[in-house]
Amino acid sequence: MQLTRFTDYALRVLMYLGTRPEQLSTIGEIAGRYRISENHLMKVVNHLANTGYVSTVRGKGGGMKLARAPKAIIIGRVVRDCEDSLAIVECFDPANRSCPLLPSCALKSALAEARKNFLATLDAYNLEQLVGRPMRALVRGPVSARLLRA
């Protein structure tokens, strides 16, 4: 299973903001740090604001910050909120069930269990757990050899 770039960027934004929970950050700042498109990041941030993960302040001196405590942001929930579909294969999509194996396929139940376990693992993590001290250093400055050895 591969997450979309949209979800990847959403998680990156949340992790960045999680390292500085009381400060406002800008799209340009985050896009520059992660070397990603500001236009694409604007869509991601808009979605994060609409789903209640991020609060935004418009105008001069504006920016964004987490709308919830990092401990209250469950990674599995973020993934579910950002992914359009978690259909691993076509038979998971009710609108596209053309697989000839569907009536008696045991693979579908194995994949359903794998997806359930994937999301359950992500549900066991919150943002606070992902933005510990080494992450703060990576987000705020260049990667040092010391951090890579840790």
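This note walks through a few local features of the model above, point by point.

1. Some ground rules to begin with. The model is predicted, so to speak of a local feature a pLDDT of at least 70 is needed, side-chain atom pairs count only at pLDDT 80 or more, and totals for chains, interfaces and linings use all residues. Residues are numbered from 1 along each chain as its sequence is written, and side-chain values use heavy atoms, with hydrogens and water left out.

2. Let's start with the aromatic rings. Rings of Phe, Tyr and Trp (its six-membered ring) pair if their centres lie within 6.5 Å, with planes under 30 degrees apart called stacked, over 60 edge-to-face and the rest tilted. By this rule there is one aromatic pair. Its members are Tyr 16 and Tyr 34, edge-to-face, at 6.1 Å centre to centre and with 75 degrees between the planes. Because Tyr 16 lies in helix H1 and Tyr 34 in helix H2, the pair ties together parts that are 18 residues apart in sequence. Helices here are DSSP runs of H or I with at least four residues, strands are runs of E with at least two, and both are numbered from the N terminus.

3. Are these two tyrosines buried or exposed? Buried means under 20% relative accessible area, exposed over 50%, and partly exposed in between (1.4 Å probe, protein chains only). Tyr 16 counts as buried because its relative accessibility is 4%, and Tyr 34 counts as buried at 19%.

4. Ser 25 is worth a look next, in the loop between helix H1 (5-18) and helix H2 (27-34). Its relative accessibility is 0%, so Ser 25 counts as buried. Leaving aside neighbours within four places in sequence, Ser 25 is in contact (heavy atoms within 4.5 Å) with Tyr 16, Leu 17, Arg 20, Ile 30, Gly 63 and Met 64.

5. Arg 35 deserves a check of its backbone: phi is positive, about 55 degrees, although this residue is not a glycine. Arg 35 sits in the loop between H2 and helix H3 (38-50), and counts as exposed because its relative accessibility is 76%.

6. On to the strands, which pair if DSSP finds at least two bridges between them. Strand S1 (residues 54-57) and strand S2 (residues 63-66) pair in the antiparallel sense over four bridges. Val 54 has Leu 66 as its bridge partner in S2. The two strands form a hairpin with five residues between them, and Gly 59 in the turn has a positive phi of about 90 degrees.

7. Ala 87 is partly exposed because its relative accessible area is 29%.

8. Val 89 lies in the loop between helix H4 (75-82) and helix H5 (107-123). Its relative accessibility is 31%, so Val 89 counts as partly exposed.

9. Finally, Leu 130 lies in helix H6 (residues 127-130) and counts as partly exposed because its relative accessibility is 28%. The C-alpha atoms of Leu 130 and Met 15 are separated by 7.1 Å, though these residues are 115 apart along the chain.
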